[in-house]
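The following questions and answers concern a single structure, which is shown below.

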Amino acid sequence: MNAIDLKNLDISYGDTKVVHGVNLAVAEGESFALVGESGSGKSTILRAIAGLAPDWTGDISVLGRARSHGVDRAVARQCQMVFQDPYGSLHPRKTIDSALSEPLAIHGLGNRDERVEAMLKAVGLDQRFRFRFPHQLSGGQRQRVAIARALMLEPKVLLLDEPTSALDVSVQAEILNLLKRLRREQGLTYLLVTHNLPVVSFLCDRLAVMRHGRIVEVAGVDQLKHGQLVEAYSKELLAATEGANRAAG
Amino acid sequence: MSTLLKVENLRVSFPTHRGRVEVVKGISFTLGRERLGIVGESGSGKSMTGRAILKLIRKPGLVTADKLEFEGIDLTAQSEKQMRSVRGARISMVMQDPKYSLNPVMTVGEQIAEALVTHQKLPRREIEARIIAMLEAVRINDPQRVAKLYPHEVSGGMGQRVMIAMMLIPEPELLIADEPTSALDVSVQAQVLDIIDDPVTRKGMGLILISHDLNSVSRYCDRILVMNSGVVVEECAAGELANAKHPYTRGLLAAMPTINESRDELPVLDRTQWAGT
């Protein structure tokens, strides 16, 4: 069974179609990356899977269960999303505790106190942060909270939309290590959107290169590491990143 | 190499209820007609340094310096009115995010024109010609059409190029670029930096590139200052960055994943070591 199955997926915002006929299968336990420039539709795919872009046709299934177009609680239990901007994705008037307890309340799960405590520990946050507000936390700490919130329902699949691009390199390293450890410990499946190829190299097993709402190429991470991407556009993207790295190294 | 800017013992502080906090703690450097990169993490004081040079720090923030000299002008002694003739015309600054830095109710062309006519009187036809030429210089296709668009009608990369056009059109001698590419895609980043690089090589403009991205700074600058908690911890030639000695710089370099990543875990900075951020 695949963790995520997309078949002939078209997604529109109003009259504009932004994703065209995407077919994609992400195996359970796999870490898969979608890369490409802004406007290539990579985040839109995540949003459709999470139910935030309801105007789609085709098939989306998560862990073998087809997704409906509306609010789908069963999918929400299995599949949660982490957003790019930790400054924008947490409610400014809610404490960390209430942000983390909310998914539990919605899904009627008990034992909230212990679950929140355990989750803070799992993402490496001290208990003293529990009753603070987001503005009292740094960017890296907030992103840890966002990841904790996504994991509160113990989902099997995490959708990660540029989880580190708003962070400093050293903080990015901490969050990437955290994501890698959580995946190992909890057997998670990741679908990661990024335009940072080195992050893909660190965190993912396979990647799909997207352009203009279509998948151009699907490749293994070894192909990326050894510069063996096939399509011209993928090579271009790789060259843009490598040029920068060569100068530093 | 003639000295364009001389900074000695620059300090910036802000009052808090626990007394004044210094965010820039006495930094000194000189800049010729070259490209200087200032790198550091959030809160290292790199942006404050850029703003302090233009005297853009408002009260209650306080800027002091033993020397803040631009082409023989003592900037610390300039009045607000005198500064206005320096800002934009002689030293200009590119900000990070085009979404917030462009005026949403003015067309792109009008905004670029404003930057130009504020500092010199020109016949209207010439202004138009220069706007179009400038938009072409920042590699915008169909400049006639783009000049009539509003900021929300252009993409992020295009908006950033518009902002650069606006800053370069008065032909400043020094450009301070504060994270000019961090809101942009990797594929567009290189283009934008090339555009900024062009007047540096052709007209000898001085450039201060402020960024948290060690890669792009080492690629586009001649010299690099690494800042942490308000002090310069390391200064080196851009090509020598890989051989940096300070543990903070080394930590930053090691924390970046590479395209051929084989490490199972990325090394993380031990923040207690520098008592900062």
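Helices (H or I, at least four residues) and strands (E, at least two) are DSSP runs, numbered from the N terminus. This is a predicted model, in which local features need pLDDT of at least 70, side-chain atom pairs count only at pLDDT 80 or more, and totals for chains, interfaces and linings use all residues. Residues are numbered from 1 along each chain as its sequence is written, chains are lettered from A and ligands numbered from 1 in the order in which they are written, and side-chain values use heavy atoms, with hydrogens and water left out.

Q: With which residues is Leu120(A) in contact, leaving aside its neighbours within four places in sequence?
A: Contact means heavy atoms within 4.5 Å. Phe83(A), 37 residues from Leu120(A) along the chain, has its C-alpha atom 18 Å from that of Leu120(A). With neighbours within four places in sequence left aside, the contacts of Leu120(A) are Ile96(A), Leu100(A), Leu125(A), Gln127(A) and Arg130(A).

Q: What is the relative accessible area of Ile45(A)?
A: Ile45(A) is placed in helix α1 of chain A. Ile45(A) is classed as buried because its relative accessible area is 0%.

Q: How far apart in space are Ile45(A) and Arg181(A), C-alpha to C-alpha?
A: In sequence, Ile45(A) and Arg181(A) are 136 residues apart. In space, their C-alpha to C-alpha separation is 25 Å.

Q: Which element gives the largest share of the lining of the second largest pocket?
A: On a 1 Å grid over the protein atoms alone, a cavity is a set of points where a 1.4 Å probe fits but cannot get out, and a pocket is an open set with protein on both sides within 12 Å along at least five of seven lines; lining residues have an atom within 4 Å of a point. The second largest pocket holds about 680 Å³ of space. Two or more lining residues come from each of α1 (42–50), α2 (73–78), β6 (79–82), α3 (96–106) and α5 (139–151) of chain A. The largest share, four residues, is given by α3(A).

Q: How many residues of the lining of the second largest pocket are nonpolar?
A: Ala, Val, Leu, Ile, Met, Phe, Trp, Tyr, Cys and Pro count as nonpolar, Asp, Glu, Lys and Arg as charged, and the others, Gly among them, as polar. The lining includes six polar and six charged residues, and the number of nonpolar residues is 15.

Q: Which residue has Lys180(A) over its face?
A: A charge sits over a ring if NZ of Lys or CZ of Arg is within 6 Å of the ring centre and within 35 degrees of the ring normal. Lys180(A) lies at 4.1 Å from the ring centre, over the face of Phe202(A).

Q: Where does Asn8(A), a residue other than glycine with a positive phi, lie?
A: Phi of Asn8(A) is near 45 degrees. Asn8(A) is exposed, since its relative accessible area is 52%. The residue is found in chain A, in strand β1 (residues 2–13).

Q: How many of the ten residues of α4 of chain B are buried?
A: The buried residues of α4(B) are Val108(B), Gly109(B), Gln111(B), Ile112(B), Ala113(B), Ala115(B) and Leu116(B). They pack against α5 (124–137), α6 (143–146) and α7 (156–168) of chain B. This helix (residues 108–117) is mostly covered, and the buried residues number seven.

Conventions: Buried < 20%, exposed > 50% of the residue type's maximum accessible area, 1.4 Å probe, protein only. Points joined across faces, edges and corners; volume = space filled by probe spheres on them.
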